Amino acid sequence: MEHSEKGKEAKHHDEEEDEEEERQEVQEIWSWGAGTEGQLGTGRLEDEHLPQLLHLPSMASAGPISLLSCGGAHVIALTSGGRVLTWGRGTSGQLGHGDMVNSLYPKLVTSLQAYFISHVSAGWSHSGFVSDTGYLFTCGDGSFGQLGHGDYSSHCSPVRVSFFVTKHVEQIACGMRHSLVLLKGSSGFRTYAFGSGKRGQLGISNDKIKSVSLPEVTHGLEDVRIVSITANGDHSAALSVDGHLYTWGRGFSGTPDAHFPQCLLSSFLFTRAALGWNHALALTSDGEVFMLGGSYHGVLGDLEKMSPKQLPDPRGAILEKVSGLDALKIVHVAAGAEHSAVVTENEEIKTWGWGEHGQLGLGNTCDQTSPQAVSLSNNPKETATFKVFCGSGFTYAIQNPCV
Amino acid sequence: MSYDDVEIEDMEWNEELKAYTYPCPCGDLFQITKDDLRLGEEIARCPSCSLYITVVYNLEDFLGDSDQRNKNNLHPPKQQPLAVA
């Protein structure tokens, strides 16, 4: 089976090579924030308070990046040709390079080259990779069962999760100490979870589950067609095809933990969700951004000044509209542990939240309670589109030329 | 104000740092040594940022455990940053 995959990968690569080289010259990757583990790809082990344009030869030869996933202090890049590069902290094996050391620069995950990888996710210290044939691979810290191999060992190279050998995996989402998996069509659009479950983030039982090391079905989503999953901190979330947002795990703004997926009571249709460690962002089909847990988020450096918490709605925290976006529609959202980033319809990047490591990209270490415009030093090209991606304490932006 | 309250059973023993650790949102680790715990200290700090957490534990669980620790005195200085490659 591996041989046929290799053939497919090689063919795909040939077809796209010329086109890739052209696009490669204009795709720009920027990073800022916490950088002491090499996660910014700058070649330096230091924080950056302003966006840094990266010059990455290893990336240039791999083709344009279609997706970035940023974890605790490492980054996974997926190319449009199905290849995977990783860099940053590697001390738990989360980079998948076969060792347990940090990497200052993007490095190809060579053991996945036999596959066309279609989805990736970076957790606090573990990583997940999904191939277009529905295989799931995990590596990194396994001490909470978050790799799904039925034990608690760590791996420094991607290992296929044998539990899903007869199923087609579509997506993986890695949180602090847990993982979610979304299956595809023919095997049912099921959501599975494994790893630490203490805050209810697995959605598998009403009892306090310390951890499970084999995937179990998340309850309450059986009759819902889920199209995307996301995990961060001790939170889990899923979006349904009809625009409903489900969250479970650690409660927002001091509300009780949810041990099963809870559908957000809202008349809005959501198209994208992003999770931090204490907040969630939800993007509506009309380009509006709402936040859960906002009373905590964004005032982190100023906790003494917080007013006493209001009694939360027993069903969950209150969904607040993010103000200060000047009625601009939002096209992309991302959340770090304690900061947020969005892209507006006129291709401006705005950030807010915790700024101690420069993760807001505003040239300082201040916190911001409302969205602030980030300026990339080479003035945005009129024809460019942006995407933003957040790790725990850092941020990436990818600038693509308009087609 | 403390970033979070974390039970000691949710922290991980890090042999290299000789400390109990818990993920910090900056990407580094909150850390507290066994000696700190024995002294009744309940604040675990992050060497890279201003945040700290409150560790929830029973002091008695750590009082009987001091013989070998005192001999080696292996705990690192508090401000030591995470080792990088």
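Colleague: What makes the side chains of B:Asp4 and A:Arg250 a salt bridge?

Modeller: Their N to O distance is 3.1 Å, and a salt bridge needs a side-chain nitrogen of Lys or Arg within 4 Å of a carboxyl oxygen of Asp or Glu, so B:Asp4 and A:Arg250 qualify. Bear in mind that this is a predicted model, where local features need pLDDT of at least 70, side-chain atom pairs count only at pLDDT 80 or more, and totals for chains, interfaces and linings use all residues. Residues are numbered from 1 along each chain as its sequence is written, and side-chain values use heavy atoms, with hydrogens and water left out.

Colleague: How many salt bridges are there between chain B and chain A?

Modeller: Five. On the side of chain B that touches chain A, the residues split into 13 nonpolar, four polar and six charged (Ala, Val, Leu, Ile, Met, Phe, Trp, Tyr, Cys and Pro are nonpolar, Asp, Glu, Lys and Arg charged, the others, Gly among them, polar).

Colleague: How do you know which residues of chain B are in contact with chain A?

Modeller: Contact means heavy atoms within 4.5 Å; by that test 23 residues of chain B pair up with 31 of chain A.

Colleague: And what is the area buried between chain B and chain A?

Modeller: About 2,100 Å², with carbon and sulfur atoms giving 52%. That's the accessible area (1.4 Å probe) the two parts lose on being put together, summed over both. In chain B, the residues losing the most are B:Met1, B:Tyr3 and B:Pro25, together 26% of what that side buries.

Terms used. Chains are lettered from A and ligands numbered from 1 in the order in which they are written.
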